[in-house]
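Here is a short tour of one structure, arranged by topic. Have the model open in your viewer and follow along.

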Amino acid sequence: MRALIHDAAAPLRLRLGTAPDPRPGPSQALVRVAAVSLNFGEIAFRPADAPPGFVSGWDAAGHVVRAAADGSGPPVGTRVVTFGWSGAWAELRAADTADLAVVLDGVDLGAASALPVAGVTALQALRRLGSVIGRRVLVTGASGGVGRFAVQLAALAGAHVVASVGDPARAVGLADLGAAEVTVGVEGLSAPVYGVLDNVGGDLLAEAFMRLEDDGVVQAIGMASRRPTLIDFETARTRTARGRIENFNVAGPFGPDLDYLVGLLRAGRLDPQVGWRGPWEEVSEAAEALLARRVPGKVVLDLPEHRA
């Protein structure tokens, strides 16, 4: 099969080549992939020592061509979106049936492919905050893939959403997604916040922590800054009441959360915010744009036989 494979000599160590067809386990469906989406983390932090020909990729959507041998999951022909920690960037993917969701007709598979990592991350991180009805929730890195999902989901949950961006130009559209306030960094916050969904890390996470209200909580989701975070807790004690930071990680099985997000997408209540879409032959251009923060939202790559 054709796939985007690891090549140490290629730009971003990634090129279009061939790889062996996957061999599904008993509880895996074989999916013919129609579209994949890229995430900042899987590009920025790809291991340099991956074996030649390794197929990376977390998010993919397509059609089931072989149902799981154990009877779990959907039948052949079903449109699905899949979540996994490798193997998405290929014509065929072996997907755990516990980590996929059915995509009904009328929902674009490219849009659905944008949901798994970014959408599920935003959803699960928001849940970690507890009830946010009427509470102020700050989303840092709000212009990125996770950030744009987090703004929408927090607004749907009843929060007063403050969207933080690094550049005013990247704030376009955030108010339409549900942000009640948009700020550059956190200097312009009008009041403390109960919760923070932080996608940036570095100094911004430390500054956001200083702006918690009493018993507030930060979910440390990502590290788009690629910088470590240093917090002076003595200063924090003099500037804030009390609060906590949680190191966030998504937890499976992912199927139920994907199903929920696909339902919101189909109902028109969730916008995948695809900021770049094109053929997978242009993966280097897409990945470089994502790393340079030139993409508002998600990157989607279409496989040849599924292009409009």
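Which residues in helix 3 meet which residues in helix 8? Pro116, Gly119, Val120, Leu123, Gln124 and Arg127 in helix 3 meet Asp257, Leu258, Tyr260 and Leu261 in helix 8, where contact means heavy atoms within 4.5 Å. Please bear in mind that this is a predicted model: local features need pLDDT of at least 70, side-chain atom pairs count only at pLDDT 80 or more, and totals for chains, interfaces and linings use all residues. Residues are numbered from 1 along each chain as its sequence is written, and side-chain values use heavy atoms, with hydrogens and water left out.

**Helix 3 and helix 8**

- Helix 3 (residues 116-128) and helix 8 (residues 255-266) pack at an angle of about 100°, and their axes are 10 Å apart.
- The two helices are therefore roughly perpendicular to each other, a label for angles of 65 to 115 degrees, with under 35 called roughly parallel, over 145 roughly antiparallel and the rest oblique.
- Axes are lines fitted to C-alpha atoms, for helices over the stretch in contact, and angles run from 0 to 180 degrees between N-to-C directions.
- Helices (H or I, at least four residues) and strands (E, at least two) are DSSP runs, numbered from the N terminus.

**The sheet and its helices**

- Six strands form an open sheet in the order 10-9-8-11-12-13, with parallel pairing; two strands pair if DSSP finds at least two bridges between them.
- Strand 10 (179-184) and strand 13 are the edge strands, each pairing on one side only.
- From one strand to the next, the twist averages 20°.
- Strand 12 and strand 13 run parallel and are joined by five bridges; glutamine 219 has glutamate 246 in strand 13 as its bridge partner.
- Helix 4 packs on the sheet, where it touches strand 8, strand 9, strand 10 and strand 11, and its direction makes about 165° with that of strand 9.
- Helix 6 lies across strand 8, strand 9, strand 11, strand 12 and strand 13, at about 155° to strand 12.
- Six of the eight residues of helix 6 (residues 202-209) are buried, namely Gly202, Leu204, Leu205, Ala206, Ala208 and Phe209; buried means under 20% relative accessible area, exposed over 50%, and partly exposed in between (1.4 Å probe, protein chains only).

**Serine 143**

- Serine 143 sits in the loop between strand 8 and helix 4 (145-156), and at 5% relative accessibility it counts as buried.
- Beyond its neighbours within four places in sequence, serine 143 is in contact with Arg148, Val165, Arg170, Val295, Pro296 and Gly297.

**Aromatic pairs**

- The whole structure holds six aromatic pairs; rings of Phe, Tyr and Trp (its six-membered ring) pair if their centres lie within 6.5 Å, with planes under 30 degrees apart counted as stacked, over 60 as edge-to-face and the rest as tilted.
- The ring centres of phenylalanine 40 and phenylalanine 45 are 6.5 Å apart with planes at 75°, so this pair is edge-to-face.
- Phenylalanine 83 and phenylalanine 254 have ring centres 3.9 Å apart and planes at 5°, so they are stacked.
- Trp58, Phe83, Trp85 and Phe254 form one aromatic cluster.
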